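Here is a short briefing to read alongside the model. Please keep the sequence and the structure open as you go.

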Amino acid sequence: MSAIAVPKVRAKRVTTGVTLSRRAGMVFVLPALVLFAVFIAYPLLTALSYSFFSWTGIVRGDFAGLDNYVTLFTKLPYSTDIPNAFVHNILLFVGAMVFQNTIGLALATLLHRQRRFKRFFQTMYTLPYLVSPLVIGYLWSLMLSPLFGPVNAVLRAVGLDALAQPWLGNPQTAIWVVVIVTAWQWIGFPVLLYGAALGGIPEEIDEAASLDGATSWQRFRTITLPMLLPAIGTVSVLTFIGAMEAFPIPYALGGSQGNPAGATDVLSLLFYRTAFESGSSNAIGTSSAIATLLFLFIFGVSILITVLLRRVERNLL
């Protein structure tokens, strides 16, 4: 009888321990859930509900259905500003993938192989990432000033006067300045993530491939890169979210109007203008519709990118 009873007591103790650990886990997760509900979930649901009503100032009017959404695509200035701003957001994402993430991966790989001064260079690349984007934007606007900016002064000093120009005053170069400044600030982010992912790859695999005669490029292409796919997927999704939500640097470099002539306009700036500067009586309804569409697009594309990258990862591994 005692031999039969002992397992039952042990099972009960194990079950009780699992229950206690789950309750303890919920205690630690609860503050994060509360913050998420108050500062993210509630504003999202509120904006969604606001977008279905007409507004007179801060007074909610009748139920408008999809009228606010129709306004965005059929009436000026939204019908022209939205496509223009959307293209610039896509350029920010493409520029970040080409410059920020590619260079970040290269730097992380070099630092992983270079043991000396590794922490020093990681810190240097990460410092701009820790500074407020508004501060970064205003500093670059001063450095690119055509009157007293050091960038044009250096170009003239080395005989490249033809390249000195009003970088933020030319519609053809302004958006690329935003792209490069954004990539420059956030390059430390992929350096850190890729560096952590490289540190998790067993060195024995690379050493075995080296003994078999594989070159550095062959080892990187066939071994390191496939094993970095989870990190690449994470960086890509976060880069897309950041590019679509970009606000501080475009605001600091081009103002709320996306100057010059809308060349640096992005969707977050359009939302800001609509909500706080348009003077429209229905500003709340229209701006809420912009915020809702932006969230749905970011959420949907992020899920799509994640699914596609996981499928590629399964095929390779």
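Is H112 buried or exposed? With a relative accessibility of 19%, H112 counts as buried, because the cut-off for buried is under 20%. Please bear in mind that this is a predicted model.

**H112 and its surroundings**
- H112 belongs to helix α3, which spans residues 78–113.
- Beyond its neighbours within four places in sequence, H112 makes contact with K118, L198 and G199.

**Packing of α3 on α11**
- Two packed helices are described by the angle between their axes and the distance between the axes.
- For α3 and α11, the angle is about 145° and the axes are 8 Å apart.
- The crossing of α3 past α11 is right-handed.
- On the α3 side, the contact is made by F86, N89, I90, L92, F93, A96, M97, Q100 and N101.
- On the α11 side, V235, S236, T239, F240, A243 and M244 make the contact.

- In soluble globular proteins, nonpolar side chains tend to be buried together.
- The largest nonpolar core here has 28 residues, and those touching the most other members are L92, V177, V178, V181, F240, M244 and L253.
- At least two residues of this core come from each of α3, α7 (171–186), α11 (229–244), α12 (248–254), α13 (267–276) and α14 (283–316).
- Helix α7 gives the most to this core, namely five residues.
- Not counting residues up to four places away in sequence, V178 touches L92, I249, P250, L253 and T264.
- There is also a second, separate core of 11 residues, with L105, F220, A231 and V235 among them.

**Aromatic rings**
- The whole structure holds 17 aromatic pairs.
- In one of them, the ring centres of Y129 and F189 are 5.9 Å apart and the planes meet at 40°, so this pair is tilted.
- Y129 sits in helix α4 (residues 118–130) and F189 in helix α8 (residues 188–199), so the pair ties together parts that are 60 residues apart in sequence.
- The two partners have these accessibilities: Y129 is partly exposed, with a relative accessible area of 26%, whereas F189 counts as buried at 18% relative accessibility.
- Elsewhere, F52, F53, F63 and Y69 are linked into a cluster by ring pairs.
- One ring of that cluster, F53, has the charged end of R60 sitting over it, 4.3 Å from the ring centre.

Technical notes
Residues numbered from 1 in each chain as written. Predicted model: local features only at pLDDT ≥ 70, side-chain atom pairs only at ≥ 80, totals over all residues. Heavy atoms only, no water. Core = buried A, V, L, I, M, F, W, Y, C linked by side-chain atoms within 4.5 Å. Buried < 20%, exposed > 50% of the residue type's maximum accessible area, 1.4 Å probe, protein only. Helix = DSSP H or I, 4+ residues; strand = E, 2+ residues; numbered from the N terminus. Contact = heavy atoms within 4.5 Å. Phe/Tyr/Trp six-rings, centres within 6.5 Å; stacked < 30°, edge-to-face > 60°. Lys NZ or Arg CZ within 6 Å of the ring centre and 35° of its normal. Axes fitted to C-alpha atoms, helices over the stretch in contact; angles between N-to-C directions. Left-handed = near helix turned anticlockwise from the far one by under 90°.
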